[in-house]
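I keep these notes for a reader who has not seen this structure before. Each entry records what I looked up and what I found.

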Amino acid sequence: MSYVLSEDLADLERNLGRPLELSTTFSMSSAEMDIVRGSQRNGRAHDITMFIHKGKQLLFNAKHFYPKELLRAPSGGSNPGETIEAGAKREAYEETGAVIELERYLARINVRFYSRDNSDENIDWTSYVLMARYISGEIEPIDTHEIREARFVDIDEIPTFNKIMKRSDRGGFHYRAYISEKITPLIVKDISE
């Protein structure tokens, strides 16, 4: 059971609007399942994914193991006792160096990751997807242990990133491409004005 509180989610909806609700499944190797399990300290079963815009561009980042040409929307988890909103602001800063203002609660995606190697092995996970506006900060990851780079990208670069993720054998990349494909149409109008 995740430590995200229902009161926090109610506040999130009150402050940022009702999200699109989606459910899906993705397969992962046993090694990937172990990585997800390793992130589940204190019962964590969620991530906060942020589509951060500045004008017509979005702030994306890359972890060290990503192919050189791949970037994606920043994401991370809230800590026990920390709201989703506070966790989003902290994670955005740690992963990109940006101070942000949250604007919309875009989607809540419930996903079941299942092992391609062991049919009895699965993990239920929730992604809270938010739209935010860049306020200030030098774009450079603070958490350089986890993040290799961060930069603004044009929205027309996103399909290329999605193709790279979908060509991979990593279920986590396939899921990130799914999020991007579902969310990009929701924000195109907002960032093009």
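Which residues do ring pairs link into a cluster? I looked this up in what is a predicted model, and the cluster consists of Phe 26, Phe 113, Tyr 175 and Tyr 178.

**Entry 1: aromatic pairs.** I searched the whole structure and got ten aromatic pairs. I took Phe 65 and Tyr 66 as one of them: their ring centres are 5.0 Å apart and the planes meet at 80 degrees, so I noted the pair as edge-to-face. The angle decides this because planes over 60 degrees apart count as edge-to-face. I then checked how accessible each partner is. Phe 65 has 47% relative accessibility and goes down as partly exposed. Tyr 66 has a relative accessible area of 5%, so I listed Tyr 66 as buried.

Entry 2: Next I went to Phe 113 and Tyr 175. Their ring centres lie 5.4 Å apart with the planes at 85 degrees, so this pair is edge-to-face. I looked up where the two residues sit: Phe 113 is in strand β5 (residues 99–115), and Tyr 175 is in helix α5 (residues 171–192). The pair therefore ties together parts that are 62 residues apart in sequence. I also noted that Phe 113 and Tyr 175 are both buried.

**Entry 3: a charge and a ring.** I found the charged end of Arg 170 over the ring of Phe 173, at 5.6 Å from the ring centre.

**Entry 4: Asp 47.** Is Asp 47 buried or exposed? I found a relative accessible area of 2% for Asp 47, which means buried, since the limit is under 20%. Asp 47 belongs to strand β2 (residues 46–54). I looked for a polar partner and found the side chain of Ser 127, which the side chain of Asp 47 contacts at 2.6 Å. Leaving aside residues up to four places away in sequence, I listed what Asp 47 touches: Ser 75, Gly 76, Trp 125, Thr 126, Ser 127, Tyr 128 and Arg 176.

**Entry 5: the largest pocket.** How much space lies in the largest pocket? I noted about 800 Å³. I counted 34 residues in the lining, and those closest to the pocket centre are Ile 35, Ser 39, Arg 44, Lys 63 and Trp 125.

Methods:
Residues numbered from 1 in each chain as written. Predicted model: local features only at pLDDT ≥ 70, side-chain atom pairs only at ≥ 80, totals over all residues. Heavy atoms only, no water. Phe/Tyr/Trp six-rings, centres within 6.5 Å; stacked < 30°, edge-to-face > 60°. Buried < 20%, exposed > 50% of the residue type's maximum accessible area, 1.4 Å probe, protein only. Helix = DSSP H or I, 4+ residues; strand = E, 2+ residues; numbered from the N terminus. Lys NZ or Arg CZ within 6 Å of the ring centre and 35° of its normal. Polar contact = N/O pair within 3.5 Å; in protein donor to acceptor, adjacent residues only side chain to side chain. Contact = heavy atoms within 4.5 Å. 1 Å grid on protein atoms, 1.4 Å probe; cavity = no way out; pocket = protein on both sides within 12 Å on 5 of 7 lines; lining within 4 Å. Points joined across faces, edges and corners; volume = space filled by probe spheres on them.
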